[in-house]
Amino acid sequence: MSTTTHPFSDELKARIKSFLTRYETKRSSILPILHAIQDEKDWISEDDVALLESEFDLSAVDVREVLTFYSMYRTSPPEPWRLEICNSISCWLMGSKKTLEAAERRIQEAKSRGEKLPFSCREVECLGLCGKGPVGFVNKERHENVTPERALQLMEEYSQKPLPAAAVRCAELQTGEGSASENPHSN
Amino acid sequence: MSQEQSVQLTVDGREVSVPAGSTIMEAVRKLGEIEVPHFCWHPGLSVAGVCRFCMVKIEGVPKLQIACNTEVREGMAVDTIAADVKEAHKWALEFHLINHPLDCPICDQAGECELQNYYMKVGKYTSQMDEDKVLKPKALDVGDTLVLDTERCILCSRCVRFEDEITKTSTLGIFNRGDRAVIGTFPDRRIQHNYSYNLADICPVGAFTAKDFRFQCRVWFLKESESICPGCSTGCNVKVFQNGNSREYFRLKPLENPEVNGHWMCDYGRTQFEHLNVKDRLVSPLGADNSALSWSDAAARFGELVKSQAGADNGKVALVLTPQHTNEEFSAIFSHLKSQLGREPEVFVWREATEERDSFDGILFRGDRNPNTRGLEDTLKELGVSAKECSGLKDVGLSQAQLAVVLGPEVERAYPSLETDLAVLREMPAVVYFGNHRSQAAAGLSLRVPTLVFTEKEGTYVNHAGLKQTLKANARVMPSLKSLTEFLGGA
Ligand code: SF4
Ligand code: SF4
Ligand code: FES
Ligand code: FES
């Protein structure tokens with residue numbers, strides 16, 4: 001993918017435009033637009049919101065209201081991989097707290113040792129797969145029966161994979177002008 | 001209104017009929033004596049129904065409903081005083097107070113806070129909360145005129161709707177969710193328009209407070225009276241707030257008048273109390289050498305100056321009027337000169353040279369920064385006088401008048417070219433200048449006579465649309481001041 005100084009790729013701009021005409025009011029297209037931005041560059045900055053106003057004629061205040069309302073939108077640069085563990089009742093009964101603790105401990109250890117582990121984790125509400133708890137997501141991929149052992153295993157597996165495109169794009173924009181494609185979390 | 005379009009219902013057993021499609025809140029307001037407590041509803045804004053305070057009971061409906069967003073039905077029986085309604089009001093207040101900092105003693109809204117007032121009326125008094133309060137940003141500088149305390153906010157969204165619907169600037173939004181929700185602007189943007197103080201008015205609590213008023217005076221020391229804003233030809237109806245003891249004015253707020261200004265007024269209008277206070281006022285007549293004169297000496301000197309020009313074969317006398325005084329004053333000074341001179345003075349209407357008289361911001365504010373342009377035109381017509389309208393005073397200078405009698409502007413800010421214009425007057429043989437400002441701008445003229453300001457006189461202003469409005473007089477800032485008619489009576 002060729003990078004430009006504009007934070008949105010041409011493909012993204014085209015998608016945003018198509019969303020804008022999909023509903024009766026432009027305002028109604030804010031949710032899918034924010035998802036599209038996040039899918040491309042992993043998070044949504046205040047500059048991105050300002051851009052939606054100046055280039056796509058949305059109100060920055062309206063967009064920010066939606067953006068800050070949902071915890072699923074990321075408003076700061078995230079780790080490339082994100083483990084989300086359901087902590088609602090069924091998964092909690094199946095020991096999701098333990099899974100979370102194991103994952104958190106692993107991340108802390110890596111940090112204190114200066115080891116590169118491109119992961120974050122957090123608890124989320126019910127993911128709708130209550131019969132297979134604890135349920136977890138890594139980015140958009142779903143996993144069942146995520147015991148503490150399975151969580152650690154998943155983190156190892158994903159760490160070996162190439163970084164997702166959005167994380168690469170995020171890093172490019174962080175280092176400026178898309179020159180380098182280094183992982184911003186490597187330092 | 002035809003019979004089938006109106007709906008008959010009862011509220012607490014009292015009958016009322018309202019147009020179909022009205023809400024219970026509107027029906028209750030029509031009855032007048034009953035009050036349903038509310039925060040987010042405001043008669044000048046759309047219905048949001050978000051504060052859930054205005055609960056009422058409707059016969060046959062199992063749960064309580066909000067009055068502001070429930071339409072009336074034929075035969076509906078509404079109850080605003082049932083025990084469960086009162087209970088609901090208590091709990092709604094309790095809910096709004098969960099994260100409220102309760103810093104009323106240092107809050108500028110205290111004494112006129114709807115949250116405080118309702119708590120006194122229908123509150124629960126004892127708190128049951130074990131949870132710690134959520135802390136939020138305080139004393140935010142959100143614009144040139146406003147300070148925002150997001151902890152005090154009850155999220156009624158009035159301010160958001162004002163920005164969306166009235167100024168159409170959409171500067172404010174509700175960010176985050178649940179108990180973290182806060183009112184705010186987009187980062188690094190500010191509330192910047194000529195109607196910003198209205199936000200401090202409509203905010204039912206002390207979340208938005210006005211920079212020019214906060215910590216100046218406790219509201220319970222202020223007396224309010226009704227008046228007309230002199231800032232422009234719209235003539236917004238206003239309430240002026242004055243400390244009853246010191247007679248010092250502190251602020252103006254809009255007074256609802258659907259025909260003129262609705263619920264609002266502009267920020268320029270809000271500053272129209274500054275020239276009323278004694279520190280800026282000319283309080284005694286001054287002679288050419290700037291020495292104070294007694295009122296009787298001043299009247300005698302004025303009488304002599306006029307008499308010296310009396311008679312048909314004498315020099316010209318110019319009467320210079322600004323559209324900032326009442327119809328009654330225009331007519332009094334003209335008639336006085338006419339009778340003393342035995343002929344009519346030559347009348348000039350002095351207007352600011354740089355004014356953009358016909359401009360209008362689409363809301364209230366007009367380029368004609370004079371409250372009584374129409375009134376002056378009407379009065380001159382009634383008197384049968386054809387006056388010369390001039391921008392600046394050059395024409396008056398060229399008129400070769402031996403004596404100029406000038407009714408200067410009350411609001412000098414409306415005359416940015418005042419200095420240049422007064423320089424013209426200083427070249428004339430004799431000038432009597434009526435004005436209310438202490439400023440040295442008019443120094444050196446033969447005689448300067450203090451005038452009253454709009455809050456101290458009775459009389460008529462006619463606004464841009466030809467609507468006659470009446471001023472009511474408060475006590476004068478100094479008892480020794482004289483009105484124009486009182487002064488002319490002694491001359
Ligand atoms: S700041 Fe005031 S007007 Fe705005 S939502 Fe909060 S309480 Fe309502
Ligand atoms: S619009 Fe004119 S009359 Fe109304 S408040 Fe502003 S200056 Fe005063
Ligand atoms: S409770 Fe965990 S997926 Fe529903
Ligand atoms: S006044 Fe009815 S819900 Fe707020």
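G111(B) is in contact with Q116(B), N117(B), V219(B) and W220(B), leaving aside its neighbours within four places in sequence. Contact means heavy atoms within 4.5 Å. G111(B) lies in the loop between α2 (83-96) and α3 (114-122) of chain B. Helices (H or I, at least four residues) and strands (E, at least two) are DSSP runs, numbered from the N terminus. From G111(B) to V7(B) is 104 residues in sequence and 38 Å in space, C-alpha to C-alpha.

This is a predicted model, in which local features need pLDDT of at least 70, side-chain atom pairs count only at pLDDT 80 or more, and totals for chains, interfaces and linings use all residues. Residues are numbered from 1 along each chain as its sequence is written, chains are lettered from A and ligands numbered from 1 in the order in which they are written, and side-chain values use heavy atoms, with hydrogens and water left out.

The table sets out their accessibility. Buried means under 20% relative accessible area, exposed over 50%, and partly exposed in between (1.4 Å probe, protein chains only).

| Residue | Relative accessibility | Class |
|---|---|---|
| G111(B) | 40% | partly exposed |
| T70(B) | 15% | buried |
| N370(B) | 3% | buried |

T70(B) sits in the loop between β4 (65-66) and β5 (77-79) of chain B. Its side chain reaches the backbone oxygen of I66(B) at 2.4 Å. Not counting residues up to four places away in sequence, T70(B) touches S22(B), T23(B), I24(B), I58(B), Q65(B) and M76(B).

N370(B) is in the loop between β16 (346-351) and α9 (373-383) of chain B. Beyond four places in sequence, its contacts include G231(B), C232(B), P323(B), R351(B) and Y415(B).

**Where the chains meet**

12 residues of chain B are in contact with 12 residues of chain A. The two chains bury about 1,000 Å² between them, 58% of it on carbon and sulfur atoms. Buried area is the accessible area (1.4 Å probe) that two parts lose on being put together, summed over both. F175(B), R177(B) and F186(B) supply 50% of the area that chain B buries against chain A, more than any other three residues.

There is one salt bridge between chain B and chain A. A salt bridge is a side-chain nitrogen of Lys or Arg within 4 Å of a carboxyl oxygen of Asp or Glu. The side chains of E53(A) and R189(B) meet in a salt bridge at 2.8 Å, N to O. Strand β8 (residues 172-175) of chain B gives the largest share of the side that touches chain A, four residues. The residues on that side of chain B divide into five nonpolar, five polar and two charged. Ala, Val, Leu, Ile, Met, Phe, Trp, Tyr, Cys and Pro count as nonpolar, Asp, Glu, Lys and Arg as charged, and the others, Gly among them, as polar.

**Around ligand 1**

Of the 13 residues around ligand 1, C153(B), C156(B), S157(B), C159(B) and C203(B) come nearest. A residue is near a molecule if one of its heavy atoms lies within 4 Å of it. The shell around ligand 1 has 11 nonpolar residues, one polar and one charged.

**Chain A**

Chain A has eight helices and four strands. Along the sequence they follow the pattern α-α-α-α-β-α-α-β-β-β-α-α. Of the 187 residues of chain A, 44% count as buried. The C-alpha atoms of chain A fill a box of roughly 50 × 40 × 25 Å, taken along the principal axes.

Key
A polar contact is a pair of N or O atoms within 3.5 Å; within protein, one must be able to donate a hydrogen and the other to accept it, and residues adjacent in sequence count only if both atoms are side-chain atoms.
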